[in-house]
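Subject: Structure handover

Hello,

Here is the structure for your files. Please open it before reading on.

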Amino acid sequence: GAGVSQSPSNKVTEKGKDVELRCDPISGHTALYWYRQRLGQGLEFLIYFQGNSAPDKSGLPSDRFSAERTGESVSTLTIQRTQQEDSAVYLCASSLAPGQTDTQYFGPGTRLTVL
Amino acid sequence: AQSVAQPEDQVNVAEGNPLTVKCTYSVSGNPYLFWYVQYPNRGLQFLLKYITGDNLVKGSYGFEAEFNKSQTSFHLKKPSALVSDSALYFCAVRDRGRGSTLGRLYFGRGTQLTVWP
């Protein structure tokens, strides 16, 4: 079946502009995650959605970052007033259920470059 | 706090030789452990995970990993490396228990594996 999809695949923006990144999880997956991967670094957790529960936003690096999810479907990650240090690959993942044993399946990522 | 260490930034092996990519973790309690692989310009692909039971876990593409509780390690292994195994490998851990913060994975910095012909 279809995997996690993300759009756009690449985004180049100017410092100070707002950007929106989109994630379509695997159908039926109730949990959705956003991570950030900076060059040469591991993945950094940003936010986690699980069904109708309050999201875990503890990984968002600043109030310029926000994310929404409509039910158990699409999620958007918004970065306002982008800075050069926001340049990274933003990865979305989904898993079937909230259990900690569940495997997270990742999308191809959105490469964000802030000039 | 949870943390994952991959002590080697790079591992180089000849095709046909066994390979090991190391991972150690520091967590409270017994975590769930995962390995992912990332090919250039691609997202992460799941390889295998340890939940409970047999300490030797077998995964995709002939990879396996051994959970060692006393050494808090979860090294990735393959008996005979292929050139196509060349990629970036990430070890990750996840809390075992309950709570809203338990969804996240904690990742190591990654190990670049190069298999030369």
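Below are the conventions, then the two chains, then some local details.

This is a predicted model, in which local features need pLDDT of at least 70 and side-chain atom pairs count only at pLDDT 80 or more, while totals for chains, interfaces and linings use all residues. Residues are numbered from 1 along each chain as its sequence is written, chains are lettered from A and ligands numbered from 1 in the order in which they are written, and side-chain values use heavy atoms, with hydrogens and water left out.

**Chain A**

Chain A has zero helices and 10 strands. Helices (H or I, at least four residues) and strands (E, at least two) are DSSP runs, numbered from the N terminus. Along the sequence the pattern is β-β-β-β-β-β-β-β-β-β. The radius of gyration of chain A is 13 Å, close to the 13 Å that the globule rule gives for 115 residues, so chain A is as compact as a globular protein of that length. That radius is taken over C-alpha atoms, and the globule rule is 2.2 Å times the number of residues to the power 0.38.

The C-alpha trace of chain A spans about 40 × 30 × 25 Å along its principal axes. Of its 115 residues, 50% count as buried. Buried means under 20% relative accessible area, exposed means over 50%, and partly exposed lies in between (1.4 Å probe, protein chains only). Among contacts in chain A with a separation of 6 or more, 56% involve residues 24 or more positions apart. A contact means heavy atoms within 4.5 Å.

Chain A exposes about 5300 Å², and carbon and sulfur atoms supply 47% of that area. Accessible areas come from the Shrake-Rupley method with a 1.4 Å probe; for residues, only the protein chains shown count as cover. Chain A carries 11 positive and 12 negative side chains, with the centres of the two sets 6 Å apart. Lys and Arg count as positive, Asp and Glu as negative; His and the chain ends are not counted. Each charge is placed at NZ of Lys, CZ of Arg, CG of Asp or CD of Glu.

Two spots in chain A deserve a look. The peptide bond from A:Ser7 to A:Pro8 is cis, with omega near -10°. A:Pro8 sits in the loop between strand S1 (5-7) and S2 of chain A. A:Thr13 lies in that strand S2 (residues 10-13). A:Thr13 is buried, at a relative accessible area of 9%. Beyond its neighbours within four places in sequence, A:Thr13 touches A:Val19, A:Thr82, A:Leu112, A:Thr113, A:Val114 and A:Leu115.

**Chain B**

Chain B has zero helices and 12 strands. Its radius of gyration is 14 Å, close to the 13 Å from the globule rule for 117 residues, so chain B is as compact as a globular protein of that length. Its C-alpha trace spans about 45 × 30 × 25 Å along the principal axes. Buried residues make up 47% of the 117 residues in chain B. Of the contacts in chain B between residues at least 6 apart in sequence, 58% join residues at least 24 apart.

The accessible surface of chain B is about 5600 Å², with 48% of it belonging to carbon and sulfur atoms. Chain B has 12 positive and 8 negative side chains, and the two centres lie 9 Å apart.

**Strand S9 of chain B**

Five of the six residues of S9(B) (residues 73-78) are buried, so the strand is largely enclosed by the rest of the structure. Strand S3 (residues 19-21) of chain B runs antiparallel to S9(B), and three bridges join them. B:Val21 has B:Leu76 as its bridge partner in S9(B). Strand S8 (residues 64-68) of chain B also pairs with S9(B) in the antiparallel sense, over five bridges. Two strands pair if DSSP finds at least two bridges between them. B:Glu64 stands opposite B:Lys77 in S9(B).

S8(B) and S9(B) form a hairpin with four residues between them. B:Thr72, in that turn, has a positive phi of about 45°. B:Thr72 is partly exposed, with a relative accessible area of 30%. B:Tyr61 also has a positive phi, about 60°, although it is not a glycine. B:Tyr61 is in the loop between strand S7 (56-58) and S8 of chain B. Most residues other than glycine have a negative phi, and most peptide bonds are trans.

Best wishes
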